[in-house]
Amino acid sequence: MTIDFYWRLPTHGCHGSIRHGTYDRGDWSPLGPHNIAPGLDRDGEDDGFRYIDHLAEIAKAAESAGFIGGLIPSFPNTDDPWVISPLLARETRSFRFMIAFQPGFLNPVHAARMSASLQRATGGRTVFNIITGGGGPAQLWWGDSFSHDDRYGRTTEFLDVFKGVWKGQGFSYQGRFYQVEDGGLSPLLALEELPEIWFSGSSDAALQSAAKHADYYLSWLEPFDQLADKFARVKERTAALGGEQKCAVRVDLVARPTEEEAWRDIRIGFENVGDERRRASRGGPTDSVGAARQQALRPSEAQRYEDLIVAPNLWGGFNLLRGGPALGIVGSYEQCAAKLDELIARGTDAFILAGTPHLEEAYRVGEEVLPLLGGQAEALLQAAE
Amino acid sequence: MTIHSYWQIDVAEEPARSEPSARPRGPTLFRDVRTPTLNRYDYYAQIAQAAAQTAFDGVFLPHRPQSDDSRIVAAAIAREVRRITLIAEFPAWSGSAVYAAKQAVSFQRAAHGRLGWAIAPSADPAVRARDGDHVPEDELVERIEELLEVARGVHGERPYSFAGRHFEVQDGGFDAPLNRVAFPRVFLQGESEEALALSARAADVHLFAAAPLAKLRALVETLDTLALREGRSVAFGLIQPVLAREDQDEARADANRIAIGGDAIVGTYDEVAARLAALAALGITHFVLTAPSSLEEAYRIGQHVLPRFHALTERVPAAA
């Protein structure tokens, strides 16, 4: 058995350290002397590098350190994964591009054509992370006014069409959202492999749609019992519908040579977070069931970083230190690997890992944590006791 | 008057070249060491590199539904081909206006503002139905106009709201740093009255199809008048097939052999350059040049015709 480990490409800039909240990689904050990609030259002028140059560094680091590819997230103020992937296609070799995208934003036939073209450009390294949730004002920002459950209906139809045209010409479809007459990819494009499909979403509507179309069901990290239950339900439901579904977790790590060093970074990071940001990170109302589950995890008034430890080596304050989910793994290399082993034992079939800064941590996690998986970390931990 | 010259990369032309699936099957006499990773994208990059090295200002990638998507190709070659503009053509039914704009600014950020946007000419209803597009014929122009209005709107303003027939946005608009790059130059096409009127309102450049000089002169004048009425100025462009050889006989012979179209400019290097200069004198400033055999002809036109053409147009007075 082997497990696919992905890394993440941060598409909204990156912090140079988990201890500080400044986006000093990329141009999401005003450029100062310590910024890179773009940075300032000796005369204080823009040095001509662009954020894509930093993303290329991260992709190559992850590729070299043993990751199979990277998730490329998409939010209103990020660079776009459909653009980033072809931009980096020809300077990476085995790195898979996991494109996060919402089906409503593209015509499904054209999306299939773009995907097949990207498969041709990359030698079949395209993967999709289909996102349907979110909602509220953010959805209207994107120009999408569909309701939550309608969006899942549309996602299902989108993937019906996407996969239908991929089989070649003569495909017709009469759905509620899409109608195609005698469509299909040209023989040249239809030669390509269909990209693997990863699916997120915690609502019933999402699970139903995933059961039909997803290869992997992707969840943020949750307390392990809760996550194991969810994966068991997903697998059960898919089996009942005659399908088979693998489950994956997206999780941040702070992995250090010793546990003390790992918590020290968390403590400093926590202390550098202002009160205002602490309050804001509690989050507003959302249509996303996954986001609501994360919000419910955290104690409302954390004074010390220890208040956010939800289990040994599990910390619920990551969203204070950078955007994204709250829960992550903190510990020595062996402890981090043992936690990942435990997740595998409880039904996880693949991972999207991340650490800050993404470039340096890709090497660290790839070199120090991944080789300890498969019981070797457990043995080391027991030997130490 | 600044002349912009672009070379066309038609992804559907010469389909066997550099295509791994088109290599000879079975044993060959020559030892074939090509891996499947050597593919069409290497060829696209090579043509673009040829255009860059022979002093074209950019490449034009028409939308060809049977082959690679032009926006994917443009991004895939952008980081290894420096300097030149990459004009990617796509149909107005390929997705949401906000998303198209989002992709455009990401490209602009990464490629130092070198993207051009060409909206593909409308296709007939059966072709669009294959793509799942069922917008009535009489709304196609309106859709392009809304697409451009929303895309420019979210790029230029925040908050930006729009409710049209084809696209809507509420409290949208890009934030820094996405809004710091320029919106790509927009190229539109079509010879109908409606298409010209749309360009008068919304195009940066209108690309005409190759035609006799008199017909082009009339089209240029019509569009000029329409744009003036809108209080805008639109640059004129042309998609022009060319075939240039050292001498006339060769040019004629090759034109016959490859059956190049009637509106192509065929002749010696000097003749082709002179014909292009005559078109520039009409006020046309954006030239998309095209020829079968894209790589070899890019070198030939770039090395021999462009320098002559540029030398002639530097002496052409600004046209009315």
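**Reading a core and an interface**

Q: Which residues does A:Phe351 touch, leaving aside those up to four places away in sequence?
A: In this predicted model, A:Phe351 touches A:Ile3, A:Asp4, A:Phe5, A:Tyr6, A:Val249, A:Val251, A:Leu340, A:Leu343 and A:Ile344, not counting residues up to four places away in sequence.

Q: Which residues touch the most other members of the largest nonpolar core?
A: In soluble globular proteins, nonpolar side chains tend to be buried together. Here the largest nonpolar core has 188 residues, and those touching the most other members are A:Leu221, A:Leu340, A:Phe351, A:Leu353, B:Trp7, B:Trp117 and B:Phe287. Apart from that core lies another, of 15 residues, which include A:Ile18, A:Val254, A:Ile266 and A:Val273.

Q: How much area do chain B and chain A bury between them?
A: The size of an interface is often given as the accessible area lost when the parts come together. For chain B and chain A this comes to about 4500 Å², with 50% of it on carbon and sulfur atoms, and the contact involves 53 residues from chain B and 47 residues from chain A.

Q: How many salt bridges and polar contacts are found across the interface of chain B and chain A?
A: The rule finds 9 salt bridges across this interface, as well as 33 residue pairs in polar contact, both residues being at pLDDT 80 or more. B:Arg109 forms a salt bridge with A:Asp27, and their closest N and O atoms are 2.9 Å apart.

Q: Which element supplies the largest share of the side of chain B that touches chain A?
A: That share, 8 residues, comes from α3(B), and the residues of this side of chain B divide into 20 nonpolar, 16 polar and 17 charged.

Key: Residues are numbered from 1 along each chain as its sequence is written. Chains are lettered from A and ligands numbered from 1 in the order in which they are written. This is a predicted model: local features need pLDDT of at least 70, side-chain atom pairs count only at pLDDT 80 or more; totals for chains, interfaces and linings use all residues. Side-chain values use heavy atoms; hydrogens and water are left out. Contact means heavy atoms within 4.5 Å. Buried area is the accessible area (1.4 Å probe) that two parts lose on being put together, summed over both. A salt bridge is a side-chain nitrogen of Lys or Arg within 4 Å of a carboxyl oxygen of Asp or Glu. A polar contact is a pair of N or O atoms within 3.5 Å; within protein, one must be able to donate a hydrogen and the other to accept it, and residues adjacent in sequence count only if both atoms are side-chain atoms. Helices (H or I, at least four residues) and strands (E, at least two) are DSSP runs, numbered from the N terminus. Ala, Val, Leu, Ile, Met, Phe, Trp, Tyr, Cys and Pro count as nonpolar, Asp, Glu, Lys and Arg as charged, and the others, Gly among them, as polar. A nonpolar core is a set of buried Ala, Val, Leu, Ile, Met, Phe, Trp, Tyr and Cys residues joined through side-chain atoms within 4.5 Å. Buried means under 20% relative accessible area, exposed over 50%, partly exposed in between (1.4 Å probe, protein chains only).
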